[in-house]
Amino acid sequence: MKTSIQRGLVLRNENCNENYTTDFIYQLYSEEGKGVFDCRKNVLGHMQQGGAPSPFDRNFGTKISAKAMQWISKKLKETYRKGKVFANTDDSVCLLGMRRRNLVFQPVAELKNETDFIHRIPMEQWWLKLRPLMKILAKYKTSYDVSDSGQLEHV
């Protein structure tokens with residue numbers, strides 16, 4: 001590891017061993033790697049929202065990660081020349097997301113036009129068009145005008 005930049009990743013299941021905790025493994029690598037490498041720990045479960053992932057979540061995560069790896073492999077093959085990668089086009093930096101029930105890679109340069117950077121949200125929220133339906137289901141006593149364009153008003 002002293003010769004060039006290399007990265008390592010240690011994955012650990014929370015039920016793997018009661019003695020080899022995340023903290024123990026982190027402290028072990030920190031102590032043994034002094035002067036050679038540094039390490040960080042990140043417990044993803046503490047960052048997630050919504051509790052334990054469902055079978056759908058796990059399946060979906062597998063599908064999008066496989067699709068992302070295929071995309072990365074394809075891009076590397078397209079842009080690799082003479083030992084270097086030339087990823088200097090707009091479509092070399094993409095975001096994988098759902099659009100109308102399809103997984104789509106969208107260049108970040110295109111997303112720039114659709115993003116409200118001040119409020120850190122998309123310019124148009126598709127779910128705002130569902131507000132009249134929400135009011136009906138919640139039995140609100142209000143007007144059910146469905147002409148709302150789905151635009152957010154910032155106050």
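This is a predicted model: local features need pLDDT of at least 70, side-chain atom pairs count only at pLDDT 80 or more; totals for chains, interfaces and linings use all residues.
Author: Let us begin with a definition, since much of what follows rests on it: a residue is buried when its relative accessible area is under 20%, exposed when that area is over 50%, and partly exposed in between.

Reader: How far apart are Leu 95 and Leu 111 in sequence and in space?

Author: Leu 95 and Leu 111 are separated by 16 residues in sequence, while their C-alpha atoms lie 8.7 Å apart in space. Strand E3 also holds Met 98, which counts as partly exposed because its relative accessibility is 46%. For the pair Met 98 and Ile 64, the separation is 34 residues along the sequence and 9.9 Å from C-alpha to C-alpha.

Reader: How many helices and strands does the protein have, and in what order do the elements run?

Author: The protein has five helices and six strands, and, read from the N terminus on, their order is α-α-α-β-β-β-β-α-β-β-α. Of its 155 residues, 9% count as buried.

Reader: Before I rely on any of these elements, which of them has the lowest mean pLDDT, and which the highest?

Author: Here pLDDT is to be read as the predictor's confidence in each residue. Across the protein the mean is 81, with 83% of the residues reaching 70 or more. Among the elements, helix H2, covering residues 44-47, has the lowest mean pLDDT, at 58, whereas helix H3, covering residues 55-79, has the highest, at 91.

Reader: How should I read the second largest pocket, and what is its volume?

Author: The general idea is that rolling a probe the size of a water molecule over the atoms shows where empty space is left. In this structure the second largest pocket has a volume of about 560 Å³, and its lining is made up of 14 residues, among which Arg 99, Glu 114, Pro 122, Glu 124 and Trp 126 lie nearest the centre. Two elements, strand E3 (94-99) and strand E6 (121-122), each give two or more residues to that lining. By class, the lining divides into seven nonpolar, two polar and five charged residues.

Reader: How many disulfides does a search of the whole structure find?

Author: In general, a disulfide is a covalent bond between the sulfur atoms of two cysteines. Here the search of the whole structure finds zero. As for cysteines, Cys 16 is partly exposed, with a relative accessible area of 46%, and Cys 94 is likewise partly exposed, at 22%.

Reader: What is the phi of Lys 82, and what is that of Arg 120?

Author: The background is that most residues other than glycine have a negative phi. Lys 82 has a positive phi of about 50° although it is not a glycine, and Arg 120, also not a glycine, has a positive phi of about 60°. Lys 82 lies in the loop between strand E1 (80-81) and strand E2 (84-85), whereas Arg 120 has its place in the loop between strand E5 (115-116) and E6.

Reader: Are these two residues buried or exposed?

Author: Lys 82 counts as exposed because its relative accessibility is 88%, and Arg 120 is exposed too, with a relative accessible area of 76%.

Definitions and conventions
Residues are numbered from 1 along each chain as its sequence is written. Side-chain values use heavy atoms; hydrogens and water are left out. On a 1 Å grid over the protein atoms alone, a cavity is a set of points where a 1.4 Å probe fits but cannot get out, and a pocket is an open set with protein on both sides within 12 Å along at least five of seven lines; lining residues have an atom within 4 Å of a point. Grid points are joined across faces, edges and corners, and a volume is the space filled by probe spheres set on the points. Helices (H or I, at least four residues) and strands (E, at least two) are DSSP runs, numbered from the N terminus. Ala, Val, Leu, Ile, Met, Phe, Trp, Tyr, Cys and Pro count as nonpolar, Asp, Glu, Lys and Arg as charged, and the others, Gly among them, as polar. pLDDT is the predictor's confidence in each residue, from 0 to 100. A disulfide is a pair of cysteine sulfur atoms within 2.5 Å. Buried means under 20% relative accessible area, exposed over 50%, partly exposed in between (1.4 Å probe, protein chains only).
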